[in-house]
Amino acid sequence: GVNFYIKQCAMIHSDVSEISEAIAKDHGEKVVTEMADVIIRLLDLWAGMNHDGLVKTTIEEQLEEKAQFNKTRPYMHGKLA
């Protein structure tokens with residue numbers, strides 16, 4: 001149910017915090033490991049929500065749509081906003 005998905009989001013948030021910590025401590029390979037954890041957890045979250053009928057689109061569809069949208073965004077501070 002919804003509480004399970006909220007718990008998964010909290011775990012993703014924790015992994016993102018671990019990325020920040022690894023960057024701050026200059027632990028390069030640990031950064032990549034934590035990034036992999038985030039990606040795996042995000043894909044698991046999507047798969048569960050898709051299985052339960054809570055989302056319909058695929059990750060690939062959303063990545064492509066978002067990438068195209070981001071190309072239209074203005075630059076801020078020398079980078080896309």
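Predicted model: local features only at pLDDT ≥ 70, side-chain atom pairs only at ≥ 80, totals over all residues.
**Exercise 1. The length of α1**

**Exercise 2. The length of α2**

Repeat the check for helix α2, residues 28–51.

*Solution.* 
- Step 1: α2 has 24 residues, so at 1.5 Å a residue it should span 34 Å.
- Step 2: the end C-alpha atoms of α2 are 35 Å apart.
- Step 3: the two values for α2 agree.

**Exercise 3. The whole chain**

Describe the order of the helices and strands, then compare the chain with a compact globule.

*Solution.* 
- Step 1: count the elements. The chain has three helices and two strands.
- Step 2: read along the sequence. The pattern is α-α-α-β-β.
- Step 3: find the box. The C-alpha atoms fill roughly 40 × 35 × 20 Å along the principal axes.
- Step 4: compare the radius of gyration. A compact globule of 81 residues would have a value near 12 Å, but this chain has 16 Å.
- Step 5: look at burial. Of the 81 residues, 12% are buried.
- Step 6: The accessible surface is about 6,400 Å², and 63% of it belongs to carbon and sulfur atoms.
- Step 7: Residues 24 or more positions apart account for 35% of them.

**Exercise 4. What α1 and α2 bury**

List the buried residues of α1 and α2, and name a helix that helps to cover each set.

*Solution.* 
- Step 1: take α1. Its buried residues are Y5, Q8, I12, D15, I19 and A22.
- Step 2: find their cover. It includes α2.
- Step 3: take α2. Here V31, E34, V38 and L45 are buried.
- Step 4: find the cover again. For the buried residues of α2 it includes α1, residues 2–24.

**Exercise 5. The largest nonpolar core**

Which residues make up the largest nonpolar core?

*Solution.* 
- Step 1: name the members. The seven residues are Y5, I12, I19, A22, V31, V38 and L45.
- Step 2: sort by element. α1 and α2 each give two or more residues to this core.
- Step 3: find the main contributor. α1 gives the most, with four residues.
- Step 4: follow one member. Leaving out residues up to four places away in sequence, V38 touches I12, D15, V16 and I19.

**Exercise 6. The aromatic pair**

Classify the ring pair formed by F4 and Y5.

*Solution.* 
- Step 1: count the pairs. There is one aromatic pair.
- Step 2: read the geometry of F4 and Y5. The centres are 5.7 Å apart and the planes make an angle of 65°.
- Step 3: apply the cut-off. Planes over 60 degrees apart count as edge-to-face.
- Step 4: conclude. The F4 and Y5 pair is edge-to-face.
- Step 5: F4 is partly exposed at 47% relative accessibility, whereas Y5 is buried at 7%.

**Exercise 7. Positive phi after the helices**

*Solution.* 
- Step 1: D26 is in the loop between α1 and α2.
- Step 2: Most residues other than glycine have a negative phi.
- Step 3: compare. D26 is not a glycine, yet its phi is positive, about 60°.
- Step 4: check exposure. D26 has a relative accessible area of 68%, so D26 is exposed.
- Step 5: look after α2. G53 follows this helix with a positive phi, near 80°.

**Exercise 8. A strand residue**

*Solution.* 
- Step 1: relate M76 to E29. The two are 47 residues apart along the chain, and their C-alpha atoms are separated by 30 Å.

How values were computed:
Residues numbered from 1 in each chain as written. Heavy atoms only, no water. Expected span 1.5 Å × (residues − 1). Buried < 20%, exposed > 50% of the residue type's maximum accessible area, 1.4 Å probe, protein only. Contact = heavy atoms within 4.5 Å. Phe/Tyr/Trp six-rings, centres within 6.5 Å; stacked < 30°, edge-to-face > 60°. Core = buried A, V, L, I, M, F, W, Y, C linked by side-chain atoms within 4.5 Å. Rg over C-alpha atoms; globule rule 2.2 N^0.38 Å. Areas by Shrake-Rupley, 256 points an atom, 1.4 Å probe, with all protein chains shown as cover.
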